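Take a look at the sequence and the structure first, and then read on.

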Amino acid sequence: MNNFTFCSPTKFVFGRGVTDHVGTELAAAGHRRALIVYGQGSVVRTGTLDRVRASLDAAGVAHVELGGVRPNPEIGLVRKGSELAKHEDVDIVLPVGGGSAMDCAKAIAVGACYDGDPWDFWAKKATVEHCLPLAAVVTIPASGSEASNSCVISNDAEGLKSGCTSELIRPAIAFLDPELTFTLPPYQTAAGVTDMIAHIMERFFSGEPAVGVTDNIACGLIRAAIDAACIVMEDPENYDARAELMWIGTLAHNGLAGCGLGIPGKRDGDWSCHGLEHELSAVDPGITHGAGLAVVFPAWMRYVWQNHPERFLTFGAEVFGIEPVDPEVDDLSDIDEEITPERAVHDAVEATIDELQEFFVSMGMPSTLGELGIEETDIDRLIRGLRINRGERFGTFQSLTLDDARAIYKSAL
Ligand code: NZQ
Ligand code: ZN
């Protein structure tokens, strides 16, 4: 087990009705003036925003608002929000929404404490030294941003979508009210489930040796996510299944699922698939992050598995109950060809990747880049973004070159 630092300082307030406790929690933490950040209207339509406002009013916490955050949030609104936060002298930033509202809010919290252009942090020209406190009301389990140390922002003018990582941007409080997620469209539910599973797999497939405790947490979380997803796709208002997904989404990305699997001093996982996906939603901000991952992850798996087949065998066995056939034990009388041990491993790994992809597709996720509107002629732009964001080589399970990345994209067309 590799050395690690696990820091999850967020206070989680979880369950039915916690949306109405936002004000008392913020007041108890000493906050007096909040900037509410929200998306393109779902929290207005569902009444969630009104509940948060009322809760703040009742607790004597003043508030100003910035709405209109789009999926794959853009730096323009971050600049506006940073100025607003400075001008209004807020002492906490309070996103009400999903990863996009939360990341926009994180970026605003950083920008509000900085004299230069907030994009400097995503252009790697500045490192985060100061940040306003954050609390988050989560309306979609997906990004895990409510407890993560990362923040992803797009810059349309530069055709980029880039990440910034800092311990300072982990929210202090996260409100996780599963009932808020009843209104999610099936596609967003599915994309969220895909994203949380991807966050666990990025860590599981880090390329480092097995860590029993972490592997069991990881595979258990994925099994629970698949079970709960199958329920909510049929029954969107099933509270317990929604609640499971909400908590899994958080645990998938607060660092717990990577303890001991990272290389000390580096990230706790491979993160190639996130790199490959972020370029898709940079080229077309209409692409939902989880949907991009549903295409990219299986393609990456097929490309790299031979580096560490044992990790894929563990994953297949623990998540899907897939084991390589064993001529000593299994009845192979129906099979004409000889099943060598290598062939048995190959078939088990292929079956595992197929099973994962079929699960994504069963929820309504795409399996090809074409379904996302990405064509072969777009690949040069994807590679350009990767070069800026990831350099000439990236990933730890297999150190990928940009030619490898091109091959993975092509295999997914
Ligand atoms: O904008 P509104 O109107 O609120 O609608 C949203 C949006 O259209 C809708 N929605 C959210 N909650 C809803 C709802 N609709 C009905 N009922 C509800 N309860 O869902 C759509 C997607 O929302 P968004 O916030 O974009 O989704 P998600 O949470 O998947 O966030 C995606 C963003 O997070 C980034 C992604 O790259 C992407 O930009 N990520 C952030 C990470 C982090 N900070 O740690 C890690 C992730 O890997 C990811 O990269
Ligand atoms: Zn993600």
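## Around ligand 1

The side chain of histidine 278 has an N or O atom that sits 2.9 Å from an oxygen atom of ligand 1. Taken alone, ligand 1 exposes 960 Å², and the protein buries 91% of that (areas by the Shrake-Rupley method with a 1.4 Å probe; for residues, only the protein chains shown count as cover). Histidine 274 also takes part: an N or O atom of its side chain lies 2.9 Å from an oxygen atom of ligand 1. At glycine 99 the backbone is involved instead, with a polar backbone atom 2.7 Å from an oxygen atom of the ligand. A polar contact here is a pair of N or O atoms within 3.5 Å; within protein, one atom must be able to donate a hydrogen and the other to accept it, and residues adjacent in sequence count only if both atoms are side-chain atoms.

Which residues come nearest to ligand 1? Among the 32 residues around it, they are Ser42, Gly99, Ser100, Ser148 and His199 (a residue is near if one of its heavy atoms lies within 4 Å). This shell is made up of 9 nonpolar, 20 polar and 3 charged residues. In this count Ala, Val, Leu, Ile, Met, Phe, Trp, Tyr, Cys and Pro are nonpolar, Asp, Glu, Lys and Arg are charged, and the others, Gly among them, are polar. At least two shell residues come from each of helix H5 (99-111), strand S6 (150-155), helix H6 (186-204) and helix H9 (272-283). Helices (H or I, at least four residues) and strands (E, at least two) are DSSP runs, numbered from the N terminus.

## How to read the model

This is a predicted model, in which local features need pLDDT of at least 70 and side-chain atom pairs count only at pLDDT 80 or more, while totals for chains, interfaces and linings use all residues. Residues are numbered from 1 along each chain as its sequence is written, chains are lettered from A and ligands numbered from 1 in the order in which they are written, and side-chain values use heavy atoms, with hydrogens and water left out.

Aspartate 195 and histidine 199 share helix H6, where they are 4 residues apart, about one turn of the helix. Both aspartate 195 and histidine 199 are buried (buried means under 20% relative accessible area, exposed over 50%, partly exposed in between, with a 1.4 Å probe and protein chains only).

A disulfide is a covalent bond between the sulfur atoms of two cysteines. How many disulfides does a search of the whole structure find? The search finds 0, with a disulfide taken as a pair of cysteine sulfur atoms within 2.5 Å. Cysteine 7 is in none, and its nearest cysteine sulfur, in cysteine 259, is 11 Å away. Cysteine 7 is partly exposed, at 35% relative accessibility.

## Two loop residues with positive phi

Asparagine 72 is a residue other than glycine, yet its phi is positive, near 60°. You will find asparagine 72 in the loop between strand S3 (62-66) and helix H4 (75-88). Is this residue buried or exposed? Asparagine 72 counts as buried because its relative accessibility is 7%.

Lysine 124 is not a glycine either, and its phi is about 60°. Its place is the loop between H5 and strand S5 (135-138). Lysine 124 is exposed, with a relative accessible area of 57%.
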